[in-house]
Amino acid sequence: MRTHRIAVIPGDGTGPEVTAEATKVIDHAATVFGFEVEYQRHDIGGVRYLQTKETLTGSDLELLRGTDAILFGAIGHPDIAPGILEQEILLRLRRELDQYVNVRPVRLLPGVRGPLAGVGPESLDFVVVRENSEGLYAGSGEFTAKGSPFEVAVQHSVNSRFAVERCIRYAFELAQRRNRPHLTLCGKTNVLTYAWDLWDRVFSEVSGDYPDVETDYAHVDAACFWMVDDPGRFDVIVTDNMFGDIITDLGAALQGGLGIAAGANINPTGISMFEPIGGTAPGFEGRGEINPLAAIGAAAMLLTTLGEDKAGAAIEGAVASVAGALPSLRAAEMGASTSEVGDQVVEAVANVASVGTV
Ligand code: IPM
Ligand code: MN
């Protein structure tokens, strides 16, 4: 039987609650679709940091490198200064494991009421491919005269041809596999004239290799406008790390909230990491009120990436049917607890599988 080694990093806040539901669904899919899962559980996160001052250790990395994929909950702790865990755990994992694109689907599921009047599932269905290794996230910059009235802080946006090109190629290939292959480059060529000059040149060079994919360009501010005003114009969007971070939170709002928004940090030839993009939601920790569907959606992407296409599609279908039937996707407003929503997905996976639609 096929066996997949999945590392689980539940992390902090509501991370453990939502990852527990995601593994429950994976376990169920494993019995239905005939594969085995070996979990490797990690205590990486804020609680361990407070006890040991360790963020991500060499031995964590070594263990993670021995797995097939990672399911990540969330990290962040109210007693730890912002930035430490984010930089030293999440961003470091993305870099160490060379997860160079972040794929974030933005889809309004049938039956879910999004914030946009008159916009239905047919006109809100796109994917953001976010460069995940450099840009403003490269951690490069400097202070001059720190602490003085003349202080200057510079944060570099690093854009290497190599990283830009591999991200753009990934986006073209993803667009090619969709119904109406269309790729939008989202940048700011009119102001960021070094970085986006390079992106723009590489985009047009690479587009020559994908003649079946239609292309266009949108400045990031205009892209935000269109995402709200006419989201149907987007199919796949490729952008840099910072813009991708920002527009995918807007995307999460459009699809009904962070409770449903999942993302994948992809290394196409290595170990990828799947996460709900909503963070730790500290106000909801331990209450059983957080929506696990984003984490379960991340689990579906994980299984599809590991070649379990049927299981991935069944879970996606199940998430869609459960989401469409909930009164709201927001924490504490779902009309069901975190684990009840997980149970509903389990049941829906069983139904999908028994009627043989996947
Ligand atoms: C995300 C998050 C992270 C990011 C933070 C937690 C560092 O906002 O995954 O979108 O900015 O990439
Ligand atoms: Mn973000």
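Colleague: How many nonpolar, polar and charged residues does the lining of the largest cavity have?
Modeller: Bear in mind that this is a predicted model. The residues lining that cavity are Leu91, Arg94, Arg95, Asn132, Ser133, Tyr137 and Asn241. Sorted by class, they come out as two nonpolar, three polar and two charged.

Colleague: Which helix gives the most to that lining?
Modeller: The lining takes at least three residues from each of domain 1 (1–102 + 260–358) and domain 2 (115–254). As for helices, the top contributor, with three residues, is H4.

Colleague: And what volume does the largest cavity hold?
Modeller: Searching the whole structure turns up one cavity of 30 Å³ or more. The space in the largest cavity is about 30 Å³.

Colleague: Over to ligand 1: which helix supplies the largest share of its shell?
Modeller: Around the ligand sit Glu86, Leu90, Arg94, Arg104, Arg130, Tyr137 and Asp245. Domain 1 (1–102 + 260–358) and domain 2 (115–254) each put at least three residues into this shell. The largest share, three residues, belongs to the helix spanning residues 84–96, H4.

Colleague: How many charged residues are in the shell around ligand 1?
Modeller: The shell has two nonpolar residues and no polar ones. Among its members are Arg104 and Glu86. The charged count is five.

Conventions. Residues numbered from 1 in each chain as written. Chains lettered and ligands numbered in written order. Predicted model: local features only at pLDDT ≥ 70, side-chain atom pairs only at ≥ 80, totals over all residues. Heavy atoms only, no water. Near = heavy atom within 4 Å. Helix = DSSP H or I, 4+ residues; strand = E, 2+ residues; numbered from the N terminus. Nonpolar A, V, L, I, M, F, W, Y, C, P; charged D, E, K, R; others polar. Domains from an automatic or database assignment. 1 Å grid on protein atoms, 1.4 Å probe; cavity = no way out; pocket = protein on both sides within 12 Å on 5 of 7 lines; lining within 4 Å. Points joined across faces, edges and corners; volume = space filled by probe spheres on them.
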